[in-house]
Amino acid sequence: MTLGFVTVAVMSVRQHNRTSRDLGLLQNGYLPLAKVLIEAKSQQAGFRPTVIRAMAGDAEAAELFRANLHFRPSTIRRIEHHLATAERFAARVDRGEGLVGVRSAFEEVRVGFDELEVIYDGLLARMDAGEEVGTVADEVNAREAAVGLKVRDAYTALLHCINGISASVQEPVSYTHLRA
């Protein structure tokens, strides 16, 4: 009887420690990253129509477009910071493999933003010179849509990580394995 009680107590403490680490990962790693990815999704959703309107000659949209371009590097730095933090926390609790999909999608977002920056430098120069920019509208629209999908992919991969942790925290402790 005493051995059974001690075994159950030890298993309970182990479960509590694992749950505590998992909740720490959620609070300090996954949720701050989720917040910045949601912000990036929102910015991306609003950015694309602004670019299209700016290329169509809307002066107000052009100013907004220029201003929004300055947010992108900041957004990338914030995602990188929170992703690196989440990766450190995940590694401490042996859950680092879950963030591989998030990291992969984020790297594609970074590449997409870098490619678009080059396009936008040329686009802005042409707009400033008063040249027609409608010819690049389809390319810009397609690339912005692709980046938006990659931001969504990163967020979806993170949701998968969060759901995995949530499920493990919620699953009841089973002592059936103690029967031998």
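Visitor: Are F47 and Y120 buried or exposed?

Guide: In this predicted model, F47 is buried, and Y120 is buried as well.

Visitor: How many aromatic pairs does a search of the whole structure find?

Guide: Three aromatic pairs turn up when the whole structure is searched. Rings are taken as a pair if their centres lie within 6.5 Å. One of the pairs is F47 with F65.

Visitor: How are the planes of F47 and F65 set?

Guide: Planes under 30 degrees apart count as stacked, those over 60 as edge-to-face, and the rest as tilted. The planes of F47 and F65 stand at 45 degrees, with ring centres 5.8 Å apart, so this pair is tilted. F47 belongs to helix α1 (residues 2–55) and F65 to helix α2 (residues 59–69), so their contact ties together parts 18 residues apart in sequence. F47 and F65 are both buried.

Visitor: What is the geometry of F47 and Y120?

Guide: Their ring centres are 5.9 Å apart and their planes meet at 70 degrees, so the pair of F47 and Y120 is edge-to-face. Y120 lies in helix α4 (residues 100–128) and F47 in helix α1, so this pair ties together parts that are 73 residues apart in sequence.

Visitor: Which residues form one aromatic cluster?

Guide: F47, F65 and Y120 make up one cluster.

Visitor: Which charged end sits over the ring of F47?

Guide: For an Arg, the test is that CZ is within 6 Å of the ring centre and within 35 degrees of the ring normal. The charged end of R72 sits over the F47 ring, 4.0 Å from its centre. Elsewhere, R92 lies over the face of F89, at 4.8 Å from the ring centre.

Definitions and conventions:
Residues numbered from 1 in each chain as written. Predicted model: local features only at pLDDT ≥ 70, side-chain atom pairs only at ≥ 80, totals over all residues. Heavy atoms only, no water. Phe/Tyr/Trp six-rings, centres within 6.5 Å; stacked < 30°, edge-to-face > 60°. Helix = DSSP H or I, 4+ residues; strand = E, 2+ residues; numbered from the N terminus. Buried < 20%, exposed > 50% of the residue type's maximum accessible area, 1.4 Å probe, protein only.
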